[in-house]
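Colleague: I would like a close look at one part of this model, the place where the two chains meet. Please take it slowly and define the terms as you go.

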2 protein chains.
Amino acid sequence: MELTFRLATKEDIPDIVSMLADDALGADRENPDNALSDKYQKAFERIAADSNLELTVVEMNGESVATFQLSFIQYLVNEGGLRAQVEAVRTHSKYRGQGIGKRVFEYIVNRAKEKGAYMVQLTSDKKRVDAIRFYESVGFKATHEGMKMRLG
Amino acid sequence: MELTFRLATKEDIPDIVSMLADDALGADRENPDNALSDKYQKAFERIAADSNLELTVVEMNGESVATFQLSFIQYLVNEGGLRAQVEAVRTHSKYRGQGIGKRVFEYIVNRAKEKGAYMVQLTSDKKRVDAIRFYESVGFKATHEGMKMRLG
């Protein structure tokens, strides 16, 4: 299985948004019909302009099969450590169960080390039982509560 | 109680590091004797240079009584939403139990709204039972697992 990892371009937005939406929890959060809307376009431009944010597309035989965002955050904590945060990880529904997720996390760990991060972190909705089991299988520990507050 | 919120300067590093270290879980992660070391100084410079990172000091009568880092992260998720992430929150041990934490989170919510974020998020070690109860009291919900992987 040959996978290519590359930064997303503007042309990838529709594919990425449709992967984000193709998910039990993502469906009511995203609007794939509006992938070309200003909201997504402007968000993409801000991401692309920030070298700490790596919105990534995974390709196999020229098709987008997975996506994730890797954000590198600098803290004073831990003697000035850099952390890599993973969010919005999705494998295209057609390509699930083929070990792509495992390869994605091998890439993420290598990329985080290359950037000098001492930790990779993510949060996963407690309802995503299978995802949590998968993250544990690739080396994550659920040591923390992931707490969210939506603003009105 | 009059609190002032301002971005940290280089001169605040020793105060901040000593607040980070003055904590059951932080003690073995930080090295306050080395607050002037290159590691902390370089991390501070990278934080100060990034307008998405707000390392903040809270003052009362000219003394540093609390600190936190607010990181604004742009995603494509949620129709291109911006999130505010809180980390490294500490109130100086001399000033705990006076309601400073509550005021800090009022500030954080207002600041996040001002920047256009739709969500504030944080992770808290499951061992910090009191902290988690406090975060719930100010409006957070522990809907997610906070998963970490330390890199070797």
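Which side chain of chain A does B:Lys39 meet in a salt bridge?

Modeller: This is a predicted model, in which local features need pLDDT of at least 70 and side-chain atom pairs count only at pLDDT 80 or more, while totals for chains, interfaces and linings use all residues. Residues are numbered from 1 along each chain as its sequence is written, chains are lettered from A and ligands numbered from 1 in the order in which they are written, and side-chain values use heavy atoms, with hydrogens and water left out.

The partner of B:Lys39 is A:Glu79, with 3.9 Å from N to O; a salt bridge here is a side-chain nitrogen of Lys or Arg within 4 Å of a carboxyl oxygen of Asp or Glu. B:Lys39 lies in helix α2 (residues 38-48) of chain B and A:Glu79 in helix α3 (residues 77-80) of chain A, so the pair joins two chains; helices (H or I, at least four residues) and strands (E, at least two) are DSSP runs, numbered from the N terminus. Side chains of opposite charge can pair when their charged atoms come close. Between chain B and chain A the count is four salt bridges, and another of these links A:Glu87 to B:Arg83, whose closest N and O atoms are 2.9 Å apart. Over all chains, the structure holds 24 salt bridges.

The interface as a whole brings 61 residues of chain B into contact (heavy atoms within 4.5 Å) with 61 residues of chain A. About 5,900 Å² is buried between the two chains, carbon and sulfur atoms giving 59% of that area, where buried area is the accessible area (1.4 Å probe) that two parts lose on being put together, summed over both. On the chain B side, B:Leu76, B:Met147 and B:Met149 lose the most area to chain A, together 16% of what that side buries.

Strands also connect the chains: strand β6 (residues 141-150) of chain A runs antiparallel to strand β5 (residues 119-125) of chain B, and seven bridges join them, two strands being paired if DSSP finds at least two bridges between them. Within this pairing, A:Lys148 stands opposite B:Gln121 in β5(B).
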